[in-house]
Amino acid sequence: MSVYGQNHFTWNGTLRDLHGSYTGFCTGRGRPSMTATLSSSSGLEVLLSTLQNVGDVESTLNILSVLDELLSADRRIGMKAEEAGAVLLTLNLLKHNGQHARRTAACLWVIQVFCSSVSTANLIGENHGLDVIYRLIPQYTTKHLHAIKAAINAFSALLCTKANVCSAVSKEYISGFLWLYEDWHSKDNQDVAIAIRHALLCCLLKATDSTAGRQAFLSQGGIRLLYQTAQTCLLSKNLECLVEPSVQLMRKCLPRIPLPVTSDQSAYSFLLPGTPAFTDVSETPDESSDESDAEEAEDNHEANNRDYDDDLETDLNKLRLPPDPDRPKELLTQYSCFCPELSHDFQELDLSSETGDSSTASSSSDDEVVLLNKDRTKTTASRDSSTSDGSYSEMEISSRDMPAAAHLEACDFHSHSSILGTSPGFRTMVRGAMGEASPCQREDEQDNEEDGTEEFYHHTIIDRLLERHGAGIPHHDPKLYCAVASKTKSIPDFSILAFPDFWGHLPPPGHQPMAPRKPNIQRQKVFEDIQRFLKTDDIINHVVFDLEDSNLQCHSDSLRFFSKFESGNLRKAVQVRRYEYDLILNPDVNSSQHTQWFYFEVSNMAADVPYRFNVINCEKSNSQFNYGMQPVLYSVKEALEGRPHWISTGTEICYFRNNFCPAQGRRRTTFYTLTFTITFKHSEDVCYLAYHYPYTYSALMAHLKILQKSVDPAKVFFKQQTLCSTLAGNSCPIVTITACPVSRRWKDLHQMRNRPYIVLTSRVHPGESNASWVMKGTLEFLCSNDLVAQSLREAFVFKIIPMLNPDGVINGTNRCDLNSKDLNRQWSKPDPLLSPTIYHTKGFLYYLNIIGRTPVVFCDYHGHSRKKNVFLYGCSIKETLWQSGSAVDTVGLKEDPGYRTIPKTLDRIAPTFSFNSCNFLVEKSRSATARVVVWREMGVLRSYTLENTYNGCNQGIYKGLQTGTQEHQEMGMKFCHSLLSVTKDTRILYSRKLINHIDLDHNMLDHKSHNCFEDDEPPCAEEIEYSGGCPTLKGSDLDSDIDSNMAHVDDDDKEHSAQKHQQDSISQSQQSSIKNHLFPPQTAIR
Ligand SMILES: [Zn+2]
């Protein structure tokens, strides 16, 4: 409505005009001077009786304007007016003064104000107010426009109640208004009545708040009419203001279309232990499944918008006292095996010092498997590791029980035979390579075995391709990847590798700026979508890919899709128009929701043609795709030409609410469309598209093997063990990294065994692949020869669980594990059978706790889909109580402010990090997250969630750039750097050299001054969310939703005391640990 701000029709402007001519009633400021006396009912009565008896027009106007001012100022006076009979009096006045435009207008204004009360609006409706007012809205005219507008606004105001909307619909006023709008639109050639036309649209918007209203709008051809009128409005800048409400109306009234899938349930289901048969274990369906009403949607919105502060934990006991342990102490001894550094005798150190041969040091090369949950008893099995000739395959092949379906399927082979113009499909070759056994083994030992001529042929082609085009990507080995991936267990028994995962990739040269948003792009895309209903001759609607139907035939000229590979999750693709595809994502396993992440293959494209892709079942209500984020694309042809890059790409990107609904309508879900346009560089290419840089479980396992081989076992104690087996039978690795003692002398062993612990975890949410890239950076850095890395290894023992949700990652889920639970909400009481990785990670932390080795830092790496930059969430009692406005007196409350040291340090040294986005509040809704549980139950002061953007930064040296794998990895390294800040008590780390080493690493002196203090996104040029039907946020979404609306006491004093405090506390704890642990502590509980 702001468009009328300067317009002389303005409500306030008119009133002021009126007051201006009757100064007797007004003060100098234009406010009525009688307010005080008239605030009482009696004063009002006096005014009303005057109104009733007054004869001349001007006096009536005068009184009405005062009445209006009074009512606007105080809603209760509106109620009193009703009691005093003013409502019906005004309505009567209106009935009898139809010919006096100014008097009519004055009455209408007052009526509009009356309608702020629902009962008053109903009263007017019951007394034929709608009919009286509707009759005052004529066909196109140039006279009395302000009175006409007042009538439309008054009618609109009456539609604030359900009863009046029903009445308006049943009296066919919707078609009346459509007709009026068309009339005014077609005749207002001089654009003198834009305000009237706008008011008519607003009235229609109100009238379509009910299902019946929307149906009437639809059946009266409202969509076509508004589409056509909006197109002509687009041609004139003056009429811009009419386009937006038109689009809003059309979107609101478009029929809800069920997703074109047979079931809302995931295509992948998994039989959970202890479950008799597959049942829908996801959220119970919404009972109120009658079609959505905008009113209800708004209610939800309001309920959801309740004060965030309500979520803060204010129960001092819950903030300070740990709850009872979730398991008996006896169960914790099994975790002693995950502290091999405490028992290892380092005999090889003597050997190596004598012979100089470090390769015999076995501590870091054997691949011990400890399956805590195998058959519910602890079993230890060591794999044969005697062959250390560098051949990965021999280590890997050992006892592989291959998935039964990992064989070639003829149909698939043929359908891809033309890919890349080489005779056999490349993808099939890759699959061949991971066939029944390792490719290397086949070549080395089974050259003569000819049963699989085809497969063998593929192997040799792969070898040749690798030889000729191999990218030589650091920390990546395609053959190793194949071998590792062949052991990965997936629900659909994946037998194909996605090329980028197999081949590997390098960051593209240079930084990638955020994509500029095209003006009005959302409007344009919505118009294109609405056209599907109006102009159907170019609509194809042909299913070209269906995860559940591999025999699907598609047109020879349509794109081909595929996603049956690790982390892939495209469920269905529908060709809508010649160059436009609707894509439907597979919900999380055993669930019908959580769609957001995507990863799929596309082929059979023509070069230089813009293809529009619409991912139509996204669930988050907003996305960084509206703020410069792009999807990533990998081209096989480009890779073979020496450019193996995931590139941020796509134009015309936007993310908006659509009118799809679940296929079975069981849940009231609002879906969102992510639309983007891709122009492929090559024809007949095979490309991969993803939400963000994929990082598979197999990639992690291969990476760990490479890291293990990369370290000098005489210096770096690197040990990978299996924490537990996942639901699907994959191993969840836990890695120990620390420095080997300098010698076997007691002093050196003692120093090593008394190093404080740091526990890092990641990827509990499978869709957050950025977290894995950050973790990759951390792991590589900790294994490197960097001076800081060496110091950190000498100062700490790192325990890293780099993927808390392997099964989710493998099966392409976005949020959950196979039991359709968000694992980061299971930490309070993790189920040993259903959430084994959380149960055992927590068990291990308990173990460290009871042996007196509580970690000094715990951090869980995540991705954040709605914010830029990287930031930490931590836990502070005081900040939580302050923020919640709790009455608890915090003066006597002692809290070590050391939790701020790491974020403060990161703000200084990490280019992507922003302290301003951090917060340290303990929310009730997060009470079962890793951060809060580890803080509360284990007493870890520095317990964090590290949130990494999917998009990029709006501050610092990367401002305006998208964050790629390189920046993610750098963040992982910088996080390690920041850990130096908690080792200030350790003399060796006080060294200036090290501090300089970090600071000089990046020229970041300016970094801080560029910090952006905006808490949230700046407003988009185009409004992203339309009113009505803002979706309810599910609890599981909250992780990425919290606003960092904290009130920090952020002065230097606090900072100083924080550091001093923390130094004191660390050196105290160190002293006590030295006292308590003269001997390896695990002996105490054995
Ligand atoms: Zn997360």
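This is a predicted model: local features need pLDDT of at least 70, side-chain atom pairs count only at pLDDT 80 or more; totals for chains, interfaces and linings use all residues.
Local features need pLDDT of at least 70 and side-chain atom pairs count only at pLDDT 80 or more, while totals for chains, interfaces and linings use all residues. Residues are numbered from 1 along each chain as its sequence is written, and side-chain values use heavy atoms, with hydrogens and water left out.

**Overall**

The protein chain holds 42 helices and 24 strands. These are DSSP runs numbered from the N terminus: helices (H or I) have at least four residues, strands (E) at least two. Of the 1086 residues, 60% are buried (under 20% relative accessible area, 1.4 Å probe, protein chains only). Among contacts (heavy atoms within 4.5 Å) between residues at least 6 apart in sequence, 79% join residues at least 24 apart.

**Zinc site**

The zinc ion takes its protein donors from His765 (ND1), Glu768 (OE), Glu768 (OE) and His862 (ND1), at 2.1 to 2.3 Å. Donors are N, O and S atoms within 2.8 Å of the metal (3.2 Å for Na, K and Ca); water is not among the atoms, so sites may look incomplete. The spacing along the chain is H-x2-E-x93-H. His765 sits in the loop between strand E19 (757-762) and helix H32 (769-782), whereas His862 is in strand E21 (residues 857-864), 97 residues apart. Both His765 and His862 are buried.

**Nonpolar cores**

A nonpolar core is a set of buried Ala, Val, Leu, Ile, Met, Phe, Trp, Tyr and Cys residues joined through side-chain atoms within 4.5 Å.

| Core | Size | Residues named |
|---|---|---|
| Largest | 128 residues | Most contacts inside: Phe561, Phe613, Tyr688, Ile737, Leu792, Phe798 |
| Second, separate | 85 residues | Including Ile133, Ala207, Cys233, Cys654 |

The largest core lies between domain 2 (512-690) and domain 3 (697-986), because both give residues to it. The domain bounds come from an automatic or database domain assignment.

Strand E13 (residues 651-657) has five of its seven residues buried, so it is largely enclosed by the rest of the structure. Five bridges join E13 to the antiparallel strand E15 (residues 672-679); pairing needs at least two DSSP bridges. Arg657 has Tyr672 in E15 as its bridge partner.

Leu226 belongs to helix H15 (residues 222-233). Its relative accessibility is 0%, so Leu226 counts as buried. Beyond neighbours within four places in sequence, Leu226 contacts Tyr181, Leu201, Phe217, Ser246, Leu249 and Met250.

Methods
Buried means under 20% relative accessible area, exposed over 50%, partly exposed in between (1.4 Å probe, protein chains only).
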